[in-house]
Amino acid sequence: QQPLELTRKILRDKQNKKNSGQPIPGFPSWVYERPALIGDFLIGTSLSTDTTVPIGTLPLASQESMIVEDLLYVLIGVDGRYITAQPLIGRQNRMFSVDPNLDLSIKELVTRILPVAASYSAVTRFIEEKSSFEYGQVNHALAAAMRTLIKEYMILITQLEHLQRQGLLSLQKLWFYIQPTMRTLEILASLATSVDKGECMGGSTLSLLHDKTFNYTGDSQAQELCLYLTKAASVPYFEILEKWIYRGIINDPYSEFMVEEHELQKEKIQEDYNDKYWDQRYTVVQQQIPSFLQKMADKILNTGKYLNVVRECGRDVTCPVAKEVIYTLKERAYVEQIEKAYNYASKVLLDFLMEEKELVAHLRSIKHYFLMDQGDFFVHFMDLTEEELKKPVDDIITTRLEALLELALRMSTANTDPFKDDLKIDLMPHDLITQLLRVLAIETKQEKAIISADPTELTLSGLEAFSFDYIVKWPLSLIINRKALTRYQMLFRHMFYCKHVERQLCNVWISNKTAKQFSLHSAKWY
């Protein structure tokens, strides 16, 4: 019992940590403290007060009727007089000890029937254990489906007891009647053992059930049984899946779903270089992907993500083609449903970004400034800031530059740009080459050396440090993120410096023209 209590406690602590708002429900302690509530054998508490007649002394017919009665008890988890269950060691199968004085012919049949009791014992223990909330909704649903099958088995045993009371049940008849149930219980016990061994929960339980269902191809009865169990167990998982792919919401208190949510603030997006919110807010948990959804895992992740972005912006979205997802062996059925949901989510987000958030207009605006699309604006701007940008970086007053930028924007054709106010000035701490080297060194051996290196001895001029920055609001920052803006900035710094050099050359050329007007003698000197 101790390891089970420990396992439950570990699982409960983990789940409560995840769902800080709502604690996980649990059974009251008496459920675990009263062993008689479990339909399994109670070891060491012999309930029988009868004095047992040594069975070897009885005639064969009496031996048989005694053993039939014993077997009917043992098959429902109660010790008989001559057949008793042995204590379990670890997670092994239940073993039985049979009175050694029993007639050999009877003993032979008894040992054939006892595996049914062993299977029943394993399944009952599994049902009791996995019915606890801590093991998650999928295991809970699987245990409930198994319990339904066990009820049918109990009805059969009750009918056999009725026959036995009328004296119509021989050992051979019992062996005959128990045959169909034998296979069912064997499959249930093997499933229970596999789930236990693999410590499966959620998606991993479904993977195991799905693989078993496929392995029984050719044995229609066994496959039908596994199909029934998988369908029942998949219902809670598919409910989470539907909410995710149709509405972009995760409701997974027991950490069973393939997509995991992490707490991240989207306010930090302005500062973060890598597009963290998109990459890290929702991630796929490999072991929780059911094997039949493996191919679609990325699509499922993105479908919910797309809807979630629109939802974060205060718009309620629900997929109009939403249909219940039901487990089936035909993979095509899920693929089509997930494809439809994915296409809808993709379209909703794209339309939202393009129309409501005017993505293309923002990109056009970025092109105007970072890729120097607006010629007259740059002529104005460079004329106005020429003196200021010649100074060393430390002497430049940023507010003065901002004011000059404002002036240049208002006086040029850039004035018609609706997003011109998002443009800001950024004075970088390094020159362009250092910035490039720092980016290239990311995740290499040289990273520490380059980052801790002293900034260049030379003091940077305003021209070398100058760059534009651009304010991007959520959800456009998913696309125009820090990474993308840094690339634009690097291109801009290079072209801006080239523009400056071009202006210098033009000045030289103009003064050259003036020099040519001098008389020949002085021109020679020049």
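Predicted model: local features only at pLDDT ≥ 70, side-chain atom pairs only at ≥ 80, totals over all residues.
User: What is the phi of S255?

Analyst: Most residues other than glycine have a negative phi. The phi of S255 is near 50°, a positive value in a residue other than glycine. E358 also has a phi near 50°, again positive and not in a glycine. The place of E358 is in the loop between α11 (331–356) and α12 (359–370).

User: How do I read accessibility for S255 and E358?

Analyst: Buried means under 20% relative accessible area, exposed over 50%, partly exposed in between (1.4 Å probe, protein chains only). S255 has 27%, so it is partly exposed. E358, at 39%, counts as partly exposed.

User: Which residues is T230 in contact with?

Analyst: Contact means heavy atoms within 4.5 Å. Leaving aside neighbours within four places in sequence, T230 is in contact with L206, L209, H210, T213 and Y327.

User: At what angle do α6 and α7 pack?

Analyst: Axes are lines fitted to C-alpha atoms, for helices over the stretch in contact, and angles run from 0 to 180 degrees between N-to-C directions. Helix α6 (residues 171–197) and helix α7 (residues 203–215) pack at about 145°, with axes 10 Å apart.

User: Which residues in α6 and α7 meet?

Analyst: From α6, S190, L191, S194 and V195 meet T205, L208, L209 and K212 in α7.

User: What about the whole protein? Why is it called more spread out than a compact globule?

Analyst: The protein has 19 helices and 6 strands. The radius of gyration is taken over C-alpha atoms; the globule rule is 2.2 Å times the number of residues to the power 0.38. For 526 residues the rule gives 24 Å, and the protein's radius of gyration is 38 Å, well over that, so the protein is more spread out than a compact globule. Its C-alpha trace spans about 145 × 50 × 40 Å along the principal axes. Of the 526 residues, 42% count as buried.

Terms used:
Residues numbered from 1 in each chain as written. Heavy atoms only, no water. Helix = DSSP H or I, 4+ residues; strand = E, 2+ residues; numbered from the N terminus.
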